[in-house]
Amino acid sequence: MSQKPHTAIKVTGLTKNFRLPTERASGLKQAILNWLKGIKGYTTQQVLRGVDLEIKKGEFVGIVGRNGSGKSTLLKLLAGIYYPEQGNIEVHGSLVPFIELGVGFNPELTGRENVYLNGALLGFSNKEMTAMYDDIVQFAELEPFMDAKLKNYSSGMQVRLAFSIAIRAKGDILILDEVLAVGDAAFQEKCNNYFASLHGNQTVILVTHSMDNVRRFCDRAILLEDGKVKTEGDPKMVAKAYEDLWNQ
Amino acid sequence: MGIPNVLCRKNRILLGELVKTDFRLRYQDSVLGYFWAVLRPLLMFAILYVVFAKLLRFGDEIPHYPVYLLTGTVLWNFFTECTNQGIHSIVQRGDLIRKISFPKYIIVVSATATALINLAINLCVIIIFALFNGVTPSFSWLLIIPLILELYLFSLGISFLLGAINVKYRDITSIWDVLIQALFYAVPIIYPITLVLESGDFGQFASKIILLNPIAQVIQDARYNLITNTTVTTWEIIDGPLQFLPLILVVVTLAVAALFFRRRSRRFAEEV
């Protein structure tokens, strides 16, 4: 494992609140009624309460935590999808987020068209996509099907294509949200090998519930609880802490 | 998001890819396919022509009335198509907004771009129509380009506003449906503006109000430059600095809408 000193992502004091509509507050009538009655129409829920973290270049970091602990919100903030209330996010290098596989996939388009559309959404030009295209198709093992419409793919094929774009897309920082369990056993094995090969070369942030994956791939892990960093450090130690959450 | 990176390379690529996708999907599974883009305004024109030119004899004193009517309907169609695509654009692309980060204005621009492509094709139809109808070609035809730009910027501004409001208040689509019906009669498309102008003092006043609407100003100017310089335009019946009000309205609408959209777009991912 090569250690590079440079920082890829630095987060300080990150806070995020969500407004949860109380009654049915979507609609003009309710909005006017609420306003007349002096009701805000929403309650504020604090999802992240001051998160600090730093991720170095080439590090493979796992983020774990219970449902609702703020993992996905943190990822979406890092990816620039949400806007932070407070705090600061510094990102050095290009960031390729996979909050969900196959974003923007359209069943009416062919496999090829979908790859290019997905690429454009991730910020790659046609030329860059053409350079990656063969690699993606090969990894997905879908060479004969690229000119068929996506709606004629089996669900396994769709996921394989999406996943191949995700891991073949050449970005400086890769963000993955629970997307490891795809395809059949053979494809899984291939993905696992690929992940193992990423060690030290690529910055990866992985959100997962699988402690096996944390122990296997990560250099470091972070346990989130109630919107704060509870424990961070050695993957084995963090995995243990995560499992202990249920044994208290 | 500053002005300089509004059209940076990355965003242009995404815009192009979204427009291409919209375009591919729009007329899929229809027998006549893309032909509908031309056929729809032509059919609307046919209905209006039969009712207003043949039965009610509205345009008897206007030279080349069919082309005159077609120009109006095509430009009006463009405005309604733009805003109707724009109002739904953000909500329709909710799945993208929730999962990936990119400048949201691209969604609105790509939704309206399809209307722009359709307009270009319909303009060719108008020109063929005009030549058959005996309109003499002239260099003033080129002035249609800045006019379309003006109408597009106005439509884009309204689309930004409506698209952003629609994320939280879906009522806006119903309100806009009614508003656009009313607006149709407030623009001299089916009736010649002279009809209003000649109906007394109130008519004089009303036609001035009508021609302060940027849509009416663009349509009348387009007719003036394309077909006949007997067309009554904003510049002709409104004096002084007030005649620039339509242009100012376009700029103000676009600026206010862009600022509003930018502020609201931070929370689109949570609200949509």
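Confidence in each residue of this predicted model is given as pLDDT, the predictor's own estimate on a scale from 0 to 100. In this predicted model, local features need pLDDT of at least 70 and side-chain atom pairs count only at pLDDT 80 or more, whereas totals for chains, interfaces and linings use all residues. Residues are numbered from 1 along each chain as its sequence is written, chains are lettered from A in the order in which they are written, and side-chain values use heavy atoms, with hydrogens and water left out.

**View 1. Confidence and overall architecture of chain A.** Chain A has a mean pLDDT of 84, with 94% of its residues at 70 or more. Among the elements of this chain, strand β8 (residues 220-225) has the highest mean pLDDT, 92, and helix α1 (residues 28-37) the lowest, 77. Chain A comprises eight helices and nine strands; these elements are DSSP runs numbered from the N terminus (helices: H or I, at least four residues; strands: E, at least two). Along the principal axes, the C-alpha atoms of chain A fill a box of roughly 60 × 45 × 35 Å.

**View 2. The two domains of chain A.** An automatic or database domain assignment supplies the bounds, dividing chain A into domain 1 (1-93 + 172-248) and domain 2 (105-169). Their C-alpha centres lie 26 Å apart. Nine residues of domain 1 are in contact with 11 residues of domain 2, contact meaning heavy atoms within 4.5 Å. Of the chain A contacts between residues at least 6 apart in sequence, 70% join residues at least 24 apart.

**View 3. The largest nonpolar core.** A nonpolar core is a set of buried Ala, Val, Leu, Ile, Met, Phe, Trp, Tyr and Cys residues joined through side-chain atoms within 4.5 Å. Buried denotes under 20% relative accessible area, exposed over 50%, and partly exposed the range in between (1.4 Å probe, protein chains only). The largest core holds 164 residues, of which A:Ile9, A:Leu161, A:Ile205 and B:Phe79 touch the most other members. Helix α3 (residues 65-92) of chain B gives the largest share, 13 residues. Domain 1 and domain 2 of chain A each supply at least three residues to this core. Beyond its neighbours within four places in sequence, A:Leu161 has contacts that include A:Phe105, A:Ile136, A:Leu142 and A:Tyr153.

**View 4. Packing of α3 and α5 in chain B.** The axes of α3(B) and helix α5 (residues 105-132) of chain B come within 8 Å and cross at roughly 170°. Axes are lines fitted to C-alpha atoms, for helices over the stretch in contact, and angles run from 0 to 180 degrees between N-to-C directions. The two helices are therefore roughly antiparallel to each other, a description applied to angles over 145 degrees. Among the residues making this contact are B:Leu70, B:Val74 and B:Phe78 of α3(B), together with B:Ala111, B:Leu119 and B:Phe129 of α5(B).

**View 5. Two loop residues with positive phi.** A:Asp226, a residue other than glycine, has a positive phi near 55°. A:Asp226 lies in the loop between β8 and β9 (228-233) of chain A and is exposed, with a relative accessible area of 52%. Phi of B:His64 is likewise positive, near 55°. B:His64 occupies the loop between α2 (36-55) and α3 of chain B and is partly exposed, at 24% relative accessible area.

**View 6. B:Thr21 and its chain A partners.** B:Thr21 belongs to helix α1 (residues 9-26) of chain B. With 3% relative accessibility, B:Thr21 is buried. Apart from neighbours within four places in sequence, B:Thr21 is in contact with A:Leu109 and A:Leu117.

Methods:
Parallel < 35°, antiparallel > 145°, perpendicular 65-115°, else oblique.
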